[in-house]
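This note takes up helix packing, pockets and charged pairs, in that order. Please read each point with the model in view.

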Amino acid sequence: MRRLAELYGRLLAGLALAGCAVLFLMMLVICIDVLLRNVRIVPGMLGVPWANEVTEYALYFITMLTAPWLLHRGMHIRVDVLLRAIPRPLAWYCEWLTDAIALVCCIALAVYGVKAGLSSHAIGGMVVKVLSVPEWWLLAPLPATFTLLAIEVLFRMQRLYAAERGPRTDAVSAG
């Protein structure tokens, strides 16, 4: 199980690096757009018409690529003031309940994402702005991301089960 968790961590790190690459490309598009709007390098070209749209999509893809890694690293938002104030065994059960709710939500969103993507593909749904793209292209990352999040929640539950009965000490970024 430990080896599987290590491989999974590497997969998530690779996805986070891909998210960084998308962020870098987004920054380049924005810089080029601003440059072309303010400096007449190319005659008749006043910016990059599709820059805002691509930036919107990039922000979405960055989120989808990095969310499982952030959860894995404990870099998500976590408010555990109450867990530190209640008895340790009760806090442990609260952690379990929270993880169980998170698992159900991730599975539900993954299933819904598959259904929405397949439905969009079946009807040939398009998103038409400056660029025209099939809607299912934008929906495809949802089930993949929420499946990865569900797997990470299972790993978190396994670590919690093996730990001392009390609030979680792994995957928390603040002490």
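1. Helices α4 and α6 are roughly antiparallel to each other, because an angle over 145 degrees counts as roughly antiparallel. Their axes come within 8 Å and cross at roughly 160 degrees. Here axes are lines fitted to C-alpha atoms, for helices over the stretch in contact, and angles run from 0 to 180 degrees between N-to-C directions. Helices are DSSP runs (H or I, at least four residues), numbered from the N terminus.

2. A word on the basis of these values is in order. This is a predicted model, in which local features need pLDDT of at least 70 and side-chain atom pairs count only at pLDDT 80 or more, while totals for chains, interfaces and linings use all residues. Residues are numbered from 1 along each chain as its sequence is written, and side-chain values use heavy atoms, with hydrogens and water left out.

3. The crossing of α4 and α6 is left-handed, a term used if the near helix is turned anticlockwise from the far one by less than a right angle. By class, the contact of α4 with α6 has 20 nonpolar, two polar and three charged residues. Ala, Val, Leu, Ile, Met, Phe, Trp, Tyr, Cys and Pro count as nonpolar, Asp, Glu, Lys and Arg as charged, and the others, Gly among them, as polar.

4. Helices α1 and α2 (residues 51–73) pack at an angle of about 160 degrees, with their axes 8 Å apart. That angle makes α1 roughly antiparallel to α2. The crossing of α1 and α2 is left-handed, and the contact residues divide into 17 nonpolar, five polar and one charged.

5. The largest pocket holds about 350 Å³ of space. On a 1 Å grid over the protein atoms alone, a pocket is an open set of points where a 1.4 Å probe fits, with protein on both sides within 12 Å along at least five of seven lines; lining residues have an atom within 4 Å of a point. Grid points are joined across faces, edges and corners, and a volume is the space filled by probe spheres set on the points. The lining has 18 residues, of which Leu71, His76, Thr98, Ala102 and Arg156 lie nearest the centre. Helix α4 gives the most to this lining, with seven residues.

6. The second largest pocket has a volume of about 210 Å³. Its lining includes Met1, Tyr8, His72 and Phe155. By class, this lining has four nonpolar, two polar and four charged residues.

7. How many salt bridges does the structure hold? There are six, each a side-chain nitrogen of Lys or Arg within 4 Å of a carboxyl oxygen of Asp or Glu. In one of them, arginine 37 pairs with aspartate 33, the closest N and O atoms being 3.0 Å apart. Both residues lie in helix α1, four residues apart, about one turn of the helix.

Conventions
Helix = DSSP H or I, 4+ residues; strand = E, 2+ residues; numbered from the N terminus. Parallel < 35°, antiparallel > 145°, perpendicular 65-115°, else oblique.
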